[in-house]
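Please look over the sequence and the model below before reading on.

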Amino acid sequence: MGTTADHPRRITMTPAARRVLAAAARLFYERGIHAVGVDLIAAEAGVTKKTLYDRFGSKEQIVVEYLADRDERWRAFLAERLDAAPPEPGERVLAVFDASRAWAAELSPKGCSMVNAHAEISDPAHPAHPVITGQKQWMLGLFTRLASDIDPERADALARALMLLHEGALVAHGLGIFPDAIAHAREQARALLA
């Protein structure tokens, strides 16, 4: 697949590449992308630096794979919860917050990996930048579709408000500003939908 803004170049995952990606994902999330070098990733994955570069070509491509994989797993996680949610439009919106709360508790104690990555990668020319912004655009699109089922005339404004609540909660959660920020945002979303 060629590289476009919507579809960054991806690689085929071999067993060694999967080990590299698993090590990189853990290290990037725990320590930050810039703080982790390829030497450490290779050592943690049990591969040589040559193998790492043979599989990925660059650290930037490892970052792309890390973020794209995380986004794919989030979307699948969220889809399961939306599929199980009650059919009422408002309940489906609240299911997004419930999914985020469960994901954060299990997989994101330091906050949203996309927000964290964007703090380090704000250059639109970086190959991971479209993954980061694409994930957030996708979330806004999801909130817009859900809001359209609630009130088509104000769907855009409602979606933006929900997105702000959601993203603010993810940041507050990651920073530990106050306990259970995502549950608090869920209740604010419920009030907004009333």
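The model shown here is predicted, and 15 salt bridges are found in it.

**A salt bridge between two helices**

- Arg26 and Glu44 join through their side chains in a salt bridge, with a distance of 2.4 Å from N to O.
- Because Arg26 belongs to helix 1 (residues 15–31) while Glu44 belongs to helix 2 (residues 38–45), this pair ties together parts of the chain that are 18 residues apart in sequence.
- Arg26 is partly exposed, its relative accessible area being 35%, and Glu44 also counts as partly exposed, with a relative accessibility of 41%.

**Two further pairs**

- The side chains of Glu80 and Arg81 meet in a salt bridge in which the distance from N to O is 3.4 Å.
- Within this pair, Glu80 is exposed, with a relative accessible area of 52%, whereas Arg81 is partly exposed, with a value of 31%.
- Another salt bridge is formed by Asp151 and Arg154, whose closest N and O atoms lie 3.0 Å apart.
- Asp151 counts as partly exposed at 24% relative accessibility, and Arg154 likewise counts as partly exposed, at 35%.

**A network of salt bridges**

- Asp98, Arg186, Glu187 and Arg190 are linked to one another in a network of salt bridges.
- One member of this network, Arg186, is also among the buried residues of helix 9.

**Helix 9 and what covers it**

- Helix 9, which covers residues 181–193, has 13 residues, and the distance of 18 Å from its first C-alpha to its last is close to the 18 Å expected at 1.5 Å a residue.
- Which residues of helix 9 are buried? They are Ala181, Ile182, Ala185, Arg186, Ala189 and Leu193.
- When helix 9 is seen down its axis, these buried residues fall within an arc of 140°, and therefore they line one face of the helix.
- The parts of the structure that cover the buried residues of helix 9 include helix 5 (89–107), helix 7 (129–150) and helix 8 (155–175).

Key. Residues are numbered from 1 along each chain as its sequence is written. This is a predicted model: local features need pLDDT of at least 70, side-chain atom pairs count only at pLDDT 80 or more; totals for chains, interfaces and linings use all residues. Side-chain values use heavy atoms; hydrogens and water are left out. A salt bridge is a side-chain nitrogen of Lys or Arg within 4 Å of a carboxyl oxygen of Asp or Glu. Helices (H or I, at least four residues) and strands (E, at least two) are DSSP runs, numbered from the N terminus. Buried means under 20% relative accessible area, exposed over 50%, partly exposed in between (1.4 Å probe, protein chains only). The expected span of a helix is 1.5 Å times one less than its number of residues. The arc is that of the directions from the helix axis to the C-beta atoms. Contact means heavy atoms within 4.5 Å.
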